[in-house]
Amino acid sequence: SNDVAEMFYQAKTDSIIKVEINVTADLELTVTPWLGSTGGGEAANGIQIKENTLFLASRYELLSIPIEPDGSAGTPTAIVTIDSDYEFTDMTIVGDHIAIAAIDRVMENPPATDAKILFISTAPGSEGDIKKTIIIESAEIQPTDLEISPDGTLIMTDYMNGGIYEISHF
């Protein structure tokens, strides 16, 4: 309804909002700000929660945001910043790592030259360390969604052609 759209519009800016859904006959939604400006968290392209930490991929940063015992947001920390020629598109949790896709945003002809999947540590003491990088050397493949299957295979969808790829040895 227009009321729900208005609630989202009022809360949007560059903040993270919390949506509580009460499943009743009327389907009640409560939209409240959870975290104000993330200081560059524009274009949230991926979000994952691991234990008491929310990881947010914005265009150029991977932010780590502690979830406090009362459910409120702690102070965000940029654990990885990527070269502005690239843009993060999605991520998934892989054990003590985050697999995060980045596409080339240099607008030339063709518009993109390659993509990367970075494996970034979330382990205490090495949080933010890039442990491995897979380069996809093709302007035809632009990863958008990443998921990890129960057997540990990384599944990637392709924004340009709609393909689905498995990456099993990483």
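Four strands line up as an open sheet in the order β7-β8-β9-β10, with antiparallel pairing; strands here are DSSP runs of E with at least two residues, helices are runs of H or I with at least four, and both are numbered from the N terminus. Two strands count as paired if DSSP finds at least two bridges between them. At the edges sit β7 and β10 (130–136), each pairing on one side only. From one strand to the next the twist averages 20°, taken between axes that are lines fitted to C-alpha atoms, with angles running from 0 to 180 degrees between N-to-C directions. Inside this sheet, β8 and β9 run antiparallel and are joined by 7 bridges; H97, for one, has S121 in β9 as its bridge partner.

A word on the source: this is a predicted model, in which local features need pLDDT of at least 70 and side-chain atom pairs count only at pLDDT 80 or more, while totals for chains, interfaces and linings use all residues. Residues are numbered from 1 along each chain as its sequence is written, and side-chain values use heavy atoms, leaving out hydrogens and water.

Of its 170 residues, 40% count as buried, meaning under 20% relative accessible area, with exposed set at over 50% and partly exposed in between (1.4 Å probe, protein chains only).

Another open sheet is built from 4 strands in the order β3-β4-β5-β6, again with antiparallel pairing. Here β3 (46–50) and β6 are the edge strands, each with a single partner, so one side of each has no neighbour in the sheet. The twist in this sheet averages 20° from one strand to the next. The antiparallel pair β3 and β4 is held by 5 bridges, with Q48 opposite F55 and I49 partnered by L54. These two strands make a hairpin with 2 residues between them, and E51 in the turn has a positive phi of about 55°.

F55 turns up again in the largest nonpolar core, which has 15 residues; F55, L62, F88, M91, I98 and I100 are the members that touch the most others. Such a core is a set of buried Ala, Val, Leu, Ile, Met, Phe, Trp, Tyr and Cys residues joined through side-chain atoms within 4.5 Å. At least two residues each come from β4 (53–57), β6 (77–81), β7 (86–94), β8 (97–104) and β9 (115–121). The top contributor is β7, with 4 residues. Apart from this core lies another, of 13 residues, including A101, F119, I136 and L154.

V19 belongs to strand β1 (residues 16–22) and counts as partly exposed because its relative accessibility is 35%.

Toward the other end of the numbering, I167 lies in strand β13 (residues 164–167). With 15% relative accessibility, I167 counts as buried. Its C-alpha atom is separated by 5.9 Å from that of T153, 14 residues apart along the chain.
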